[in-house]
Amino acid sequence: MPATLLIALYAFAGATAAGLVGAAVLRLIRRRSLTASLAVVAAVAVLAMLAGTLAVAWAMFLSPHDLSVVTTVVAMAAVVSLATALLLGRWVVARSRELAAATRSFGDDGDYAAPTTPATAELDALSRELAATSARLAQSRERERALETSRRELVAWISHDLRTPLAGLRAMSEALEDGVAADPDRYLRQIRAEVERLNDMVGDLFELSRIHAGTLVLTPARISVYDLVGDALAGADPLARRHGVRLVGDAVAAVPVEVDGKEMSRVLGNLLVNAIRRTPADGTVAVAAERSADGVVVSVTDGCGGIPEEDLPRVFDTGWRGTHARTPPAGAGLGLAIVRGIVEAHRGRATVRNIPGGCRFEVTLPPAQV
């Protein structure tokens with residue numbers, strides 16, 4: 001066997017033995033400090049070199065003096081390597097402890113503050129991930145606060161809206177029961193109207209619960225927007241006449257969309273009812289539909305005078321009715337929340353913006369597949 005190959009085999013055998021011992025030690029101390037692990041890694045590297053060198057020296061039958069020189073050189077290298085590993089380990093551990101202390105700022109209202117001292121690339125990447133997580137948690141807490149506020153307002157308004165008609169129903173039923181009603185037929189018509197309003201409110205709550213629970217089942221079909229808008233205008237015409245509001249739907253293009261006709265009719269109906277109730281008498285509510293680069297845009301423009309800028313982000317929130325809408329005829333504040341939920345279930349989006357004299361609600365739907 002060539003001498004070079006024999007030397008390589010001896011060196012490999014010695015280094016392998018040292019590596020196996022080091023692997024066993026690392027397994028035993030895997031739950032210990034990073035400093036200890038770095039020290040073991042450095043020691044294994046030095047011992048592997050020492051074992052390989054001694055194995056080759058023994059195989060070559062070096063003199064005791066030469067063997068002592070080689071051993072001394074390797075030993076000094078081992079001391080320097082171990083000292084360097086310990087210093088590096090302590091520095092890395094100090095940086096990791098600073099990072100651990102910074103993560104303790106996470107809490108109900110805490111924000112993550114990254115350590116200012118330099119760190120390794122891995123620790124720096126971890127710090128950036130923690131900062132991003134902190135930002136997402138802050139956004140989640142803000143959304144949770146907004147949702148909690150909306151829930152409280154919804155409960156308060158629903159309680160008010162339920163109490164008022166129930167009190168009226170009780171009074172009218174007692175009057176009918178006692179025989180003191182001057183016009184029983186009028187009382188019966190009023191009772192029916194109140195019951196229908198309560199039924200609509202319960203239906204809105206059920207629809208909203210399905211949207212939030214993700215159980216809203218859609219049955220999309222290819223429908224012309226012109227037909228959808230025409231049906232919605234016909235359904236809202238009696239309400240518009242009672243309020244003295246003109247309905248205009250001249251700018252509606254006959255473009256196809258793939259939507260659930262029943263749910264989308266509810267969207268347009270809610271938008272029209274909302275616009276009619278907030279448009280003064282002799283005002284106009286206009287509906288338009290056109291194809292755009294993003295899809296098909298259906299808009300409802302009213303003459304409400306505009307929405308305060310600070311309220312625009314909350315228009316589609318559950319229970320929102322604006323500061324001027326606290327009376328039962330304004331509804332329970334669920335109509336626009338239902339609009340957004342149904343539109344987003346169709347992979348579209350609902351937006352609102354102010355225009356001179358009023359505001360414009362826009363529903364953007366994906367175009368029908370050719």
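1. Let me start with the second largest pocket, which has a volume of about 420 Å³. Of the 18 residues lining this pocket, Leu 147, Ser 150, His 212, Thr 318 and Arg 340 are the closest to its centre. For the terms: on a 1 Å grid over the protein atoms alone, a pocket is an open set of points with protein on both sides within 12 Å along at least five of seven lines, and lining residues have an atom within 4 Å of a point. Volume here is the space filled by probe spheres set on the points, with grid points joined across faces, edges and corners.

2. A word on the source before going on. This is a predicted model, where local features need pLDDT of at least 70 and side-chain atom pairs count only at pLDDT 80 or more, while totals for chains, interfaces and linings use all residues. Residues are numbered from 1 along each chain as its sequence is written, and side-chain values use heavy atoms, with hydrogens and water left out.

3. Who builds that pocket? Helices H4 (121-178), H5 (184-213) and H8 (335-345) each supply at least two residues of its lining, and H4 gives the largest share, 8 residues. Helices are DSSP runs of H or I with at least four residues, numbered from the N terminus. Domain 2 (153-213) and domain 3 (221-365) each contribute at least three residues to the lining; the domain bounds come from an automatic or database assignment.

4. The axes of H4 and H5 come within 10 Å and cross at roughly 155°. Axes are lines fitted to C-alpha atoms, for helices over the stretch in contact, and angles run from 0 to 180 degrees between N-to-C directions. H4 and H5 are therefore roughly antiparallel, the label for angles over 145 degrees.

5. Then look at H6 (residues 225-243) and H7 (residues 261-278), whose axes come within 9 Å and cross at roughly 30°. That makes H6 and H7 roughly parallel to each other, a term for angles under 35 degrees.

Note on methods. 1 Å grid on protein atoms, 1.4 Å probe; cavity = no way out; pocket = protein on both sides within 12 Å on 5 of 7 lines; lining within 4 Å. Parallel < 35°, antiparallel > 145°, perpendicular 65-115°, else oblique.
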